[in-house]
Amino acid sequence: MNVAAIMPCRGRAAQTLANVRRLLATAGMAHGVDWTLYLVGGQDEHALITEIAGTIVQHDRHSIVIATSTALRLPYWEALAHVTQATTAPLICNLANDLLPGQHWLQRGLEAYQAVFGPNDGLLGFNDGHHRVDHACHFLISRALLDSFGGWPVWYDHNYGDTELCARAQAQGRYAKAPWALLYHDHPYFGGVDDATYAEGRAQLARDAAQFAARKAAGWPAIG
């Protein structure tokens, strides 16, 4: 099954390069055949993404696709939407540049997805080392299921979009989590190093939380 793995990029040049290298080295799949890694950001990140891509292609010219937008800054969910509109992959994986992927993270995730859902639509969460079985920050989701939810939840600035998608998938019996498909979230909440990118992501936390509560209470109304 073809997978579009999308990494929104914001700052963290050295960390992002190391992350990309590790994602490619540990995916456990033939790259360019079964999956494509997209690096996406606004114009603020164009130079960074281009530099990373240039470094990586010295070793694997088919490793990544650059998908920067004309917008100055792309919030996380808008970055995912930007790439999703430009690809036809039936299965999509949302990534971030603060992950530490485990061995065969993608292969194990795909195997778990197919074991649970087969040819049907679903959301398969990776193990991030922190959250319980009922939540996943990063996951594989079928395009059809995502579309049925109204696409990526761009109505949030940064937080709670994953919470909404997981909750809605669970309500439909289309959610599962793979304990051995590891994408460890090296977040400051769990001991990682805090920085300006995290501060930017927290800026609208209260607004995002209030919107999640209101949308849940209203039965997830369509937007737009």
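Trainee: I started with Glu164, which is buried at a relative accessible area of 1%. What range does "buried" cover?

Mentor: Buried means under 20% relative accessible area, exposed means over 50%, and partly exposed is whatever falls in between, using a 1.4 Å probe and protein chains only. The areas themselves come from the Shrake-Rupley method with a 1.4 Å probe, and for residues only the protein chains shown count as cover. One caution before going on: this is a predicted model, where local features need pLDDT of at least 70 and side-chain atom pairs count only at pLDDT 80 or more, while totals for chains, interfaces and linings use all residues. Residues are numbered from 1 along each chain as its sequence is written, and side-chain values use heavy atoms, with hydrogens and water left out.

Trainee: Which side chains does Glu164 meet in salt bridges?

Mentor: General idea: side chains of opposite charge can pair when their charged atoms come close. The cut-off for a salt bridge is a side-chain nitrogen of Lys or Arg within 4 Å of a carboxyl oxygen of Asp or Glu. Here Glu164, Arg168 and Arg215 form a network of salt bridges. Glu164 and Arg168 pair at 2.9 Å, N to O; both sit in helix H6 (residues 161-171), 4 residues apart, about one turn of the helix. Helices are DSSP runs of H or I with at least four residues, strands are runs of E with at least two, and both are numbered from the N terminus.

Trainee: And how far apart in sequence are the parts that Glu164 and Arg215 tie together?

Mentor: That salt bridge is also 2.9 Å, N to O. Glu164 is in helix H6 and Arg215 in helix H8 (residues 205-217), so the pair ties together parts 51 residues apart in sequence.

Trainee: How many salt bridges does the structure hold?

Mentor: There are 4. One of them joins Asp134 to Arg132, with the closest N and O atoms 3.1 Å apart. Asp134 is partly exposed at 32% relative accessibility, and Arg132 is exposed at 63%.

Trainee: Helix H8 also holds Asp208. Which residues is Asp208 in contact with?

Mentor: Contact means heavy atoms within 4.5 Å. Setting aside neighbours within four places in sequence, Asp208 is in contact with Tyr156, Asp157, His158, Asn159 and Tyr160. Asp208 is buried, at 0% relative accessible area.

Trainee: On to rings. How many aromatic pairs turn up in the whole structure?

Mentor: A pair of aromatic rings is described by the distance of the centres and the angle of the planes. Rings of Phe, Tyr and Trp (its six-membered ring) pair if their centres lie within 6.5 Å; planes under 30 degrees apart are stacked, over 60 edge-to-face, and the rest tilted. The search finds 8 pairs. In one of them, Tyr113 and Phe117 have ring centres 5.0 Å apart and planes at 55°, so the pair is tilted. Both residues lie in helix H4 (residues 105-117), 4 residues apart. Tyr113 is buried at 1%, and Phe117 is buried at 7%. Elsewhere, ring pairs link Tyr76, Trp77, Phe139 and Trp152 into a cluster.

Trainee: Which residues have the most contacts inside the largest nonpolar core?

Mentor: In soluble globular proteins, nonpolar side chains tend to be buried together. A nonpolar core is a set of buried Ala, Val, Leu, Ile, Met, Phe, Trp, Tyr and Cys residues joined through side-chain atoms within 4.5 Å. The largest one has 63 residues, and Trp35, Leu95, Trp105, Leu123, Leu140 and Trp152 have the most contacts inside it. Beyond four places in sequence, Trp105 touches residues including Trp35, Leu95, Cys93 and Phe126.

Trainee: Where does Cys93 lie?

Mentor: Cys93 is in strand E4 (residues 91-94) and is buried at 0% relative accessibility. Cys93 and Leu123 are 30 residues apart in sequence and 9.7 Å apart in space, C-alpha to C-alpha.

Trainee: And the chain overall: how many helices and strands?

Mentor: It has 8 helices and 8 strands. Of its 224 residues, 50% count as buried. Among contacts between residues at least 6 apart in sequence, 76% join residues at least 24 apart. The accessible surface comes to about 10100 Å², with 54% belonging to carbon and sulfur atoms.
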